[in-house]
Amino acid sequence: WCGPCKMISPYIEELKKEFTDLPVIIIDADEDEELCKRYGVNRLPTFVFINNGSYKHVIGIDKTKLRLEFETLRLATTNQNMLLPIDGEARVKPSR
């Protein structure tokens with residue numbers, strides 16, 4: 001692993017514990033080149049946030065940017081699970 005990848009790894013572990021509702025998958029770019037190509041990963045570390053078929057990259061080890069993307073993704077997935085019935089009362093869809 002690259003130096004910056006090793007440096008940010010403990011912080012990613014912290015985020016995984018805090019955002020348990022979001023799946024986090026860590027790959028080794030040397031071992032999964034095809035997946036890197038699929039998501040346009042050509043610099044390390046790169047974090048790919050996938051939501052509803054689209055994705056966004058955060059490149060580097062900026063903890064503020066990473067936290068913001070985790071929070072944004074959590075909010076987006078929460079909003080996607082909300083239904084507004086005719087009576088206007090919000091209900092949460094059951095998880096699959």
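Two strands pair if DSSP finds at least two bridges between them. With that in mind, hello everyone, and please keep in view that this is a predicted model.

Let me begin with the overall layout. The protein has three helices and four strands, and along the sequence they come in the order α-α-β-β-α-β-β. Of its 96 residues, 23% are buried.

Now to the pairing I opened with. Strand β1, residues 46-51, and strand β2, residues 54-59, run antiparallel and are joined over six bridges. Within that pairing, phenylalanine 49 faces lysine 56 of β2. The hairpin leaves two residues between the strands, and there asparagine 52 adopts a positive phi near 55°. That residue is not a glycine, and most residues other than glycine have a negative phi. Asparagine 52 is also exposed, with a relative accessible area of 69%.

The peptide bond from leucine 44 to proline 45 is cis, with omega near -5°, whereas most peptide bonds are trans. Proline 45 sits in the loop between α2 and β1.

On to the charges. How many salt bridges does the count come to? The answer is five.

Because lysine 56 belongs to strand β2 and glutamate 69 to helix α3, the pair ties together parts 13 residues apart in sequence. Is each partner buried or exposed? Lysine 56 is partly exposed at 43% relative accessibility, while glutamate 69, at 10%, counts as buried.

Arginine 74 and aspartate 21 form another salt bridge, again with 2.8 Å between N and O. This one links distant parts of the chain, 53 residues apart: arginine 74 is in helix α3, residues 63-80, and aspartate 21 is in the loop between α1 and α2.

A local example is glutamate 13 with lysine 16, whose closest N and O atoms are 3.5 Å apart. Both lie in helix α1, three residues apart, or about one turn of the helix. Glu18, Arg67 and Glu71, meanwhile, are linked in a network of salt bridges.

Finally, have a look at the surface. Asp30, Glu31, Glu33 and Glu34 make up a negative patch. Aspartate 30 is in the loop between α1, residues 3-18, and α2, residues 33-38, and it counts as exposed because its relative accessibility is 65%.

Notes. Residues are numbered from 1 along each chain as its sequence is written. This is a predicted model: local features need pLDDT of at least 70, side-chain atom pairs count only at pLDDT 80 or more; totals for chains, interfaces and linings use all residues. Side-chain values use heavy atoms; hydrogens and water are left out. Patches are made of residues with over 30% relative accessible area and no salt bridge: like charges are joined within 9 Å, nonpolar side chains (Val, Leu, Ile, Met, Phe, Trp, Tyr) within 5 Å. Accessible areas come from the Shrake-Rupley method with a 1.4 Å probe; for residues, only the protein chains shown count as cover. A salt bridge is a side-chain nitrogen of Lys or Arg within 4 Å of a carboxyl oxygen of Asp or Glu. Lys and Arg count as positive and Asp and Glu as negative; His and the chain ends are not counted. The place of a charge is taken as NZ of Lys, CZ of Arg, CG of Asp or CD of Glu. Buried means under 20% relative accessible area, exposed over 50%, partly exposed in between (1.4 Å probe, protein chains only).
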